Amino acid sequence: MGIELVVIIASFIYLVLLFLIAGWAEKNAEKSWLSGPYIYALSLAVYCTAWTYYGSVGRAANQGLDFLTTYIGPILMAPLFWLILRKIIRISKSLRITTIADFVSARYGKRVSLGAGVTIMCVLSIIPYMSIQLKAISASFSIFSNDLLPQKGLFFQDTAFYITAIIGVFVIIFGSRNVDSSRKNMGLISAIAFESLFKLFAFVVLGIYVTYGVFNGFGDIFSSAQQLPDFERLISLNGDSGYTNWFWLNLLSMLAIILLPRQFHVAVKENRDENQLKKAMWLFPLYLLLINLFVIPIALGGRLFFVDQSVDADTYVLAIPLANGNPVLAILVYLGGFSAATSMIIVSTSALSVMLSNNLLVPTVLKNKYLAQSLEGRLNKFVLRGKQVMIVFMLFLACF
């Protein structure tokens with residue numbers, strides 16, 4: 001059995017596992033630990049996408065430390081959760097707000113046009129990022145088949161197409177089964193929490209392997225990396241504008257951890273008790289610290305290992321174990337990146353479908369007397385089916 005086939009089988013087994021976890025959580029929703037602070041805090045780690053796996057290492061290898069701004073901002077924001085995020089949660093619960101578009105609209109007189117504008121802006125900006133996640137899956141798979149770039153072909157020849165279809169089924173079953181958007185999705189959040197643990201585990205295992213397997217520890221990597229011509233640039237702020245860039249990038253990531261639709265979805269909409277924030281205030285920053293602990297060693301290790309070779313730095317996480325004859329670790333790391341991508345797509349699609357329903361579909365129906373009369377008694381079913389159609393449509397756009 002070729003390694004490509006093993007990777008495909010592992011991908012689909014992983015997706016089946018997500019269905020099993022989500023289904024089990026739905027059936028055992030009464031268990032207190034499932035609705036506890038640890039699951040909640042881990043679900044916030046949907047913030048770490050495939051960029052964390054591939055882009056962070058690639059940017060650290062080429063640009064230096066500025067990749068850290070993506071994570072320093074949320075770490076700085078975490079202590080303020082009890083002041084800022086708790087207030088947002090209280091307002092949202094009292095007004096039955098479920099999306100960032102509803103929240104912005106509610107703060108400005110519940111203007112329908114404003115909610116619709118925020119929704120359209122979010123959809124137009126997030127679908128391309130969802131597409132990047134799917135492309136990351138395809139690109140990482142191509143590494144196992146020794147292709148520099150994913151091969152172009154008909155859609156049914158692309159593994160990402162079938163993965164996207166399965167993700168759509170998952171979101172419909174566990175994220176869009178009820179017309180009431182305020183209902184909690186225990187299965188979806190439990191699956192996302194599992195994905196957060198899995199991607200952290202895979203990345204830390206890779207980091208330990210590179211640091212203590214390929215090299216002889218942190219000291220060996222950093223001392224050897226001093227021979228790199230741009231070593232000083234990689235471990236310091238760059239130029240006079242470095243501090244300015246860091247300030248604005250940190251500020252942007254501080255806002256993103258609350259205002260991104262997927263973050264608002266898990267942090268506010270799926271919050272069951274504001275006291276969950278007490279654990280999230282320290283557990284979420286700890287998660288970000290752990291998942292970034294080995295980024296620089298992997299980046300520098302890749303530069304040293306592939307010196308004078310044309311290997312894309314974004315692929316170091318897979319190229320290093322493969323080049324060292326460790327395909328099992330490479331597959332584990334691939335699945336970690338796979339989980340990072342799928343969790344982002346799942347939550348973003350679920351959040352956007354609610355936004356489209358609340359701010360475009362329902363207002364359009366209610367304003368049209370003919371539609372409102374023809375759907376009398378069937379409005380709930382129509383809205384539910386509309387949300388599910390929009391999920392499929394968004395994933396279709398992201399895939400193609």
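1. The model is predicted; local features need pLDDT of at least 70, side-chain atom pairs count only at pLDDT 80 or more, and totals for chains, interfaces and linings use all residues. Residues are numbered from 1 along each chain as its sequence is written, and side-chain values use heavy atoms, without hydrogens and water.

2. Helix H1 covers residues 3-27. Helices here are DSSP runs (H or I, at least four residues), numbered from the N terminus. The expected span is 1.5 Å times one less than the number of residues. For the 25 residues of H1 that gives 36 Å, and the end C-alpha atoms are 36 Å apart, which agrees.

3. Buried residues of H1 include Val-7, Tyr-14, Leu-18 and Ala-25. Buried means under 20% relative accessible area, exposed over 50%, partly exposed in between (1.4 Å probe, protein chains only). Among the elements covering the buried residues of H1 are helices H7 (112-144) and H17 (327-367).

4. Arg-96 has a positive phi of about 55 degrees, though it is not a glycine. Most residues other than glycine have a negative phi. Arg-96 sits in the loop between helices H5 (81-95) and H6 (100-107). Its relative accessibility is 56%, so Arg-96 counts as exposed.

5. The whole structure holds 20 aromatic pairs. Rings of Phe, Tyr and Trp (its six-membered ring) pair if their centres lie within 6.5 Å; planes under 30 degrees apart count as stacked, over 60 as edge-to-face, the rest as tilted. Tyr-53 and Phe-203 have ring centres 5.1 Å apart and planes at 70 degrees, so this pair is edge-to-face.

Definitions and conventions: Helices (H or I, at least four residues) and strands (E, at least two) are DSSP runs, numbered from the N terminus. Contact means heavy atoms within 4.5 Å.
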